[in-house]
Amino acid sequence: MDLYRSFSIKIYFSDFSLCSSALHVRVCEPRGDGISSLAHLLDSVVLRVAVWVVALVACLGNLLVLVGRLVLREPNAVHSFYIKNLALADLIMGVYLFVIASHDVAFRGEYIRYDYRWRRSVGCSVSGFLSTVSSEASVFTLTVITVDRFASIVYPLSLKRRTFRFAWMCMLCVWLMTLLLAAVPMMRPDYYGEEFYGSNGVCLPLHIHDPDSKGE
């Protein structure tokens, strides 16, 4: 009995999320993974505030960009079209941050009780999908803008060749490729695993603790 009590007082796991299966234990280690803890989805107060601030700025700022460029006519329609797509990609990241911040509030103080269900939920998968789409679309769009600006400077006389239709086709390819790359892990759970987006509480596909993860 004394031996059992000694084990029931303190226990160690390789992953803090496993503490959800030992809620009766007085002390369970580790207490977090650097982002989440036994009590909170976002353990750091600074991180909580930063997520809300960045989410608010990202949504409001990019909405203003979209509305402004839709209302105001600009001489360079192609460049404006690229900027609107970039704003849309960044707006999606703001939505993702709001989802994470709201769930942090919902789970506040007892996150470990919801950790297993949350990381395996549709909401977490969709959140991870949104963050991946936003990140990849932003990078690809910036690449397209960079190439467009480079061509405008180096080959100014061929500017007429880059029509709005060409820009539309470029961005269509960017969004289709981005959506496909983000959706593949959810369509192939047998290969990527059931927790590709649910490897952590913020639903980011960062498998830094598992060197054998597929799809990195």
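This report walks through the helices of one predicted model and then a few of its residues.

Some ground rules come before the tour. Because this is a predicted model, local features need pLDDT of at least 70 and side-chain atom pairs count only at pLDDT 80 or more, while totals for chains, interfaces and linings use all residues. Residues are numbered from 1 along each chain as its sequence is written, and side-chain values use heavy atoms, with hydrogens and water left out.

**The overall layout**

The chain has 7 helices and 2 strands. Those names come from DSSP runs numbered from the N terminus: helices are H or I runs of at least four residues, and strands are E runs of at least two. Reading from the N terminus, the order is α-β-β-α-α-α-α-α-α.

Of the 216 residues in the chain, 37% are buried. Here, buried means under 20% relative accessible area, exposed means over 50%, and partly exposed covers what is in between (1.4 Å probe, protein chains only). As for contacts (heavy atoms within 4.5 Å), take those between residues at least 6 apart in sequence: 64% of them join residues at least 24 apart.

**How the helices pack**

Axes are lines fitted to C-alpha atoms, for helices over the stretch in contact, and the angles run from 0 to 180 degrees between N-to-C directions.

| Helix pair | Axes come within | Crossing angle |
|---|---|---|
| α5 (residues 122-154) and α6 (residues 164-187) | 9 Å | roughly 150 degrees |
| α2 and α3 (residues 77-106) | 8 Å | roughly 150 degrees |
| α3 and α6 | 9 Å | roughly 20 degrees |

Angles under 35 degrees count as roughly parallel, over 145 as roughly antiparallel, 65 to 115 as roughly perpendicular and the rest as oblique. With its angle of roughly 20 degrees, α3 is therefore roughly parallel to α6. By contrast, α5 and α6 are roughly antiparallel to each other, and α2 and α3 are also roughly antiparallel.

Handedness is another way to describe these pairs. A crossing is left-handed if the near helix is turned anticlockwise from the far one by less than a right angle, and right-handed if clockwise. On that basis, α5 passes α6 in a right-handed crossing, and α3 and α6 cross in a right-handed way too. The crossing of α2 with α3 is left-handed.

What kinds of residues meet at these places? For α2 with α3, the contact has 20 nonpolar, 4 polar and 5 charged residues. The classes work like this: Ala, Val, Leu, Ile, Met, Phe, Trp, Tyr, Cys and Pro are nonpolar, Asp, Glu, Lys and Arg are charged, and the others, Gly among them, are polar.

Where α3 meets α6, the α3 side includes Phe81, Tyr82 and Ile92, and the α6 side includes Phe164, Trp168 and Trp175. That contact has 13 nonpolar, 1 polar and no charged residues.

The contact of α5 with α6 includes Phe129, Thr132 and Phe140 of α5, and Trp175, Thr178 and Ala182 of α6. Its residues divide into 15 nonpolar, 4 polar and 1 charged.

**Around Tyr197**

Tyr197 sits in the segment after α7 (189-192), and it is buried because its relative accessible area is 3%. Setting aside residues up to four places away in sequence, Tyr197 touches a list of residues that includes Phe129, Thr132, Ala182, Met186 and Cys203. The side chain of Tyr197 also reaches the backbone oxygen of Ala182 at 2.6 Å.

Thr132, one of those neighbours, lies in helix α5 and is buried at 11% relative accessibility. Beyond four places in sequence, Thr132 touches Thr178, Ala182, Tyr197 and Pro205.

Cys203 is also in the segment after α7, and its relative accessible area is 0%, so Cys203 counts as buried. Its phi is near 60 degrees, a positive value in a residue other than glycine. Most residues other than glycine have a negative phi.

**Two other spots**

His40 is found in the loop between β2 (27-29) and α2 (45-71). Is His40 buried or exposed? At 18% relative accessibility, His40 is buried. The side chains of His40 and Arg48 are joined by a polar contact of 3.5 Å. A polar contact is a pair of N or O atoms within 3.5 Å; within protein, one must be able to donate a hydrogen and the other to accept it, and residues adjacent in sequence count only if both atoms are side-chain atoms.

Leu64, in helix α2, is exposed, with a relative accessible area of 63%.
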